[in-house]
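Open the model in your viewer and keep the selection tool ready. Follow the stops in order.

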Amino acid sequence: AARIIQNMDPTADPCKDFYQYACGGWLNRHVIPETNSRYSIFDILRDELEIILKGVLETSDQGDREAFQKAKILYKSCMNESLIEQRDSLPLLEALTMVGDWPVASADWNKTKEPNWSMEEKLSIMNSRFNKRVLIDMFVWNDDRDSSRHIIYIDQPSLGMPSRDYYFNGGNYQKVREAYLQFMITIAKMIREDKNMSKDDSFVQEEMAKVMELETEIAN
């Protein structure tokens with residue numbers, strides 16, 4: 001209750017400016033951090049929770065149940081920056097191999113990979129191993145018609161960019177779209193270099209333009 005009152009501005013007339021009346025105290029006491037695009041009570045709670053979780057994850061894992069041990073192992077692996085730097089792009093290259101390689105980063109993908117490449121199999125690997133939904137999203141959740149049971153839902157996944165507006169609108173959306181395409185081109189070039197492949201900028205640009213075209217069709 002005290003926090004709600006602090007976030008109000010009782011000097012404002014609610015009949016003239018209800019937003020100032022309800023939120024004026026919050027606006028006066030908080031500034032949006034430079035690292036955020038928004039700032040609310042939920043962001044503060046998230047930051048406080050992350051501090052608590054950091055303390056928990058950095059404690060000894062002796063005597064912990066298996067789930068806690070896994071969480072601490074994952075945290076330690078993310079914090080081990082020297083090993084991450086040492087491994088460089090190897091984990092990414094291994095992941096690409098697992099899903100059937102990437103045509104833009106393969107010299108003869110059509111000959112060596114495509115004949116045995118199964119989209120159904122690779123989509124299931126992306127989902128089960130990497131928690132990444134592509135083309136189709138499938139999950140188990142409460143049945144809207146009977147909350148006592150769970151059912152399988154099939155839905156569309158999220159797009160590469162935040163919403164379909166980014167694929168069609170002008171202005172800042174177009175700038176993000178251009179940066180997104182350039183980002184894909186840069187990553188493809190880096191992977192080709194790490195695989196000791198010849199430099200072929202025109203081929204990379206053509207392939208990534210096809211990816212962008214496909215994403216745009218999906219967004220449409």
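In which helix is D194 found? Select D194: helix α10 holds this residue. Helices (H or I, at least four residues) and strands (E, at least two) are DSSP runs, numbered from the N terminus.

A word on the source. This is a predicted model, where local features need pLDDT of at least 70, side-chain atom pairs count only at pLDDT 80 or more, and totals for chains, interfaces and linings use all residues. Residues are numbered from 1 along each chain as its sequence is written, and side-chain values use heavy atoms, leaving out hydrogens and water.

Stay on D194. Its relative accessible area is 34%, so D194 counts as partly exposed. The cut-offs are under 20% for buried, over 50% for exposed, and partly exposed in between (1.4 Å probe, protein chains only).

**Next stop: the loops**

Select D101, in the loop between α6 (90-98) and α7 (109-112). Phi of D101 is near 70 degrees, a positive value in a residue other than glycine. Is D101 buried or exposed? D101 is buried, with a relative accessible area of 16%.

Now select N131. Look in the loop between α8 (119-130) and β1 (137-143). N131 is not glycine, yet its phi is positive, near 55 degrees. N131 is exposed, with a relative accessible area of 54%.

**Last stop: back to the helix**

Select A179, in helix α10. A179 is partly exposed, at 47% relative accessible area.
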